[in-house]
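Visitor: I would like to learn how to read the inside of a protein model. Could you take me through one?

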Amino acid sequence: MDKARRNLLKLLVAGLSSWPWPARAETPLLFGITPVILDEQADFLGRWQHYLEARLQRPVRFTQRSSYREILNLLLTGKLDCAWLCGYPYVRQKPYLDLLAVPLYAGQPFYRSYLIVPVEDRTTYSIADLRGKVFAYSDPDSNSGWLTPQVELKRAGTDSSRHFRKTFFTWSHRKVVEAVAAGLAQGGAVDGYIWDTLARLHPELTQGTRVAWRSKLFGFPPLVTGEHMPSLERDVLRKALLHMPIDPRGKALLEELNLDGFQAGTPALFNGIEANWHFVGT
């Protein structure tokens, strides 16, 4: 085979490797998510769905549930192909999940946990200061909304089950903000990216709260796939996500999410969360 024909063959193989298998073209991609911060969530998901369908040349179906655990169970049992999870369930189930992409926020694949209190509270600067108060968590499988507070309480030498007068889960970071702002809780733990984004897009929601403490940086909540998803399909989906910042429609969607884009990421980004998981012993 002469050099020209070999080069042509390489181009054809490269082109085929970046396209979904024809046999799967009519099979929907099942994408799991939990509640996000947008007011017009259904409208946004509809536009994101159309964007991904055009890029992937196959149907896309979003599945929404109220907790990470529900989405994780669907993913592990093969009822979802991929999902946007938190880093905490990802590190606990890492042998059964594959990292698809990690969002970029403020140019980095990181975020923080925030401790928030009512804006009039000027004396609280750590979770230890909230002894005997009512505290709002977001989700028991959330790094920022549950695991990080447990770590801080253990480091302070206090029993998390007795430290607060009462605790409750809101099942949404946004609802933690609302609960603290309304006085239903004297403190809460939230995803710092979500608090920052609400402060930018809906300052009326955050103006009743104050960030009393910020954690160190953690790997941003990742997009993952189940181990059953074929590697070629995973690669094609990853390319579609990584392409979003250089596509006008993709960039507009990212701006609504207050994100800069996605990167492939590595499991090492989540070492801090994994270390906290083992430290708390849950």
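Guide: Gladly. A nonpolar core is a set of buried Ala, Val, Leu, Ile, Met, Phe, Trp, Tyr and Cys residues joined through side-chain atoms within 4.5 Å. Buried means under 20% relative accessible area, exposed over 50%, and partly exposed in between (1.4 Å probe, protein chains only). This is a predicted model, where local features need pLDDT of at least 70, side-chain atom pairs count only at pLDDT 80 or more, and totals for chains, interfaces and linings use all residues. Residues are numbered from 1 along each chain as its sequence is written, and side-chain values use heavy atoms, leaving out hydrogens and water.

Visitor: How many residues does the largest nonpolar core have?

Guide: In soluble globular proteins, nonpolar side chains tend to be buried together. Here the largest core has 81 residues, and Phe31, Trp48 and Leu241 are among those with the most contacts inside it. Helix H2 (residues 41-56) gives the most to this core, with six residues. Helices (H or I, at least four residues) and strands (E, at least two) are DSSP runs, numbered from the N terminus.

Visitor: Which elements do the buried residues of H2 pack against?

Guide: Contact means heavy atoms within 4.5 Å. The buried residues of H2 pack against strands S1 (29-33), S2 (60-64) and S3 (82-84), and against helices H10 (231-242) and H11 (248-257). Among these buried residues are Phe44, Trp48 and Leu52. Phe31 touches several residues, including Trp48 and Leu52.

Visitor: What comes just after H2?

Guide: Gln57, which takes a positive phi of about 60°.

Visitor: Is Ala268 buried or partly exposed?

Guide: Ala268 is partly exposed, because its relative accessible area is 47%. Ala268 lies in the loop between strand S13 (261-263) and helix H12 (271-280).

Definitions and conventions: Lists of a residue's contacts leave out its neighbours within four places in sequence.
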